[in-house]
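Take a look at the structure first, and then read on.

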Amino acid sequence: MTELVDLGTLHPRLAGLIRPAHATTPGLSRAIAERFGIDPLLVRIGFVALTWFGGLGIAVYGWGWLLTPKCDQPPILRFLPAFGGWSQQLQWLAIGGSSLVVVLSGSLLNPVSILPVLLAVWLLRSRAAAPSPEVLDSPVPLNQAAAEADPASLPVVDLYAPPEHPLDEIPATPTADPIRRSWWVGLAMALLTLAVWGTLTLVIPSWPAMLTAAVALGVLGLAVTIWGVAMPRHAIPIPILLLACGAALLLGTFATDHVLAEVAQP
């Protein structure tokens with residue numbers, strides 16, 4: 001049986017998240033707040049604020065509650081037992097697809113781009129996954145530091161025993177896989193945005209141009225998030241992300257001016 005996806009993929013502190021059993025509410029905000037050491041009220045305010053971005057807060061809270069166990073098993077296994085037998089890729093596809101439906105439906109009521117929010121989450125996740133400078137610059141190996149902290153764990157060395165590996169066969173110390181900048185993925189994301197915008201323009205010509213652009217940018221933001229979760233070692237170049245964020249900010253500014261101008265008309 002395939003295991004459920006772990007929220008630790010989004011942030012290391014969310015790994016193995018469990019909702020408090022004594023809580024009278026769903027307890028998701030309290031569980032997240034305890035992991036990050038903040039007030040649960042701030043987490044609840046964050047979910048409410050995300051709801052204004054195309055209903056993103058509803059999708060995030062809903063899936064967070066479904067995937068987080070409280071006493072015995074996650075609620076998703078009670079409502080949809082077959083979900084636990086799906087592959088990890090299929091589970092993330094179901095999560096992303098349903099979230100996209102919620103965001104697109106919410107964008108019809110409140111056309112605010114979710115791209116800046118998703119970009120901020122992606123950057124925070126990348127920063128949390130990167131090793132700290134203290135660890136990289138430390139001259140003491142981690143195993144030596146652990147041995148110094150616990151002298152009883154020092155291994156017993158037989159000076160007269162032959163070495164396990166000759167000097168010319170000592171295995172090299174594995175190094176972390178560096179993050180690669182995937183420019184072709186950024187180009188594919190840009191083409192996806194243009195394709196969604198062009199398709200909506202042709203299929204639904206009655207939609208305002210700003211609403212069509214907002215939906216296209218929302219699709220781009222969701223695609224960037226899914227790529228960041230599925231391929232954390234292949235990052236989209238920062239210039240492309242900054243251009244996308246700038247486009248979202250410009251669209252939001254123009255949409256606000258347009259709405260204010262219509263309201264000011266008698």
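## The chain as a whole

Of the 266 residues of the chain, 32% count as buried (under 20% relative accessible area with a 1.4 Å probe and protein chains only; exposed is over 50%, and partly exposed lies in between). This is a predicted model, where local features need pLDDT of at least 70, side-chain atom pairs count only at pLDDT 80 or more, and totals for chains, interfaces and linings use all residues. Residues are numbered from 1 along each chain as its sequence is written, and side-chain values use heavy atoms, with hydrogens and water left out.

The chain has eleven helices and two strands (DSSP runs, numbered from the N terminus: H or I of at least four residues for helices, E of at least two for strands). From the N terminus on, their order is α-α-α-α-α-α-α-α-β-α-α-β-α.

In α2, the buried residues are P40, V43, F47 and L50. Down the axis of α2, these buried residues fall within an arc of 85° (taken from the directions from the helix axis to the C-beta atoms), so they line one face of the helix. On the other side of α2, you will find L42 and V48 exposed.

I38 sits in the loop between α1 (28-36) and α2 (40-51). Its relative accessibility is 40%, which means that I38 counts as partly exposed.
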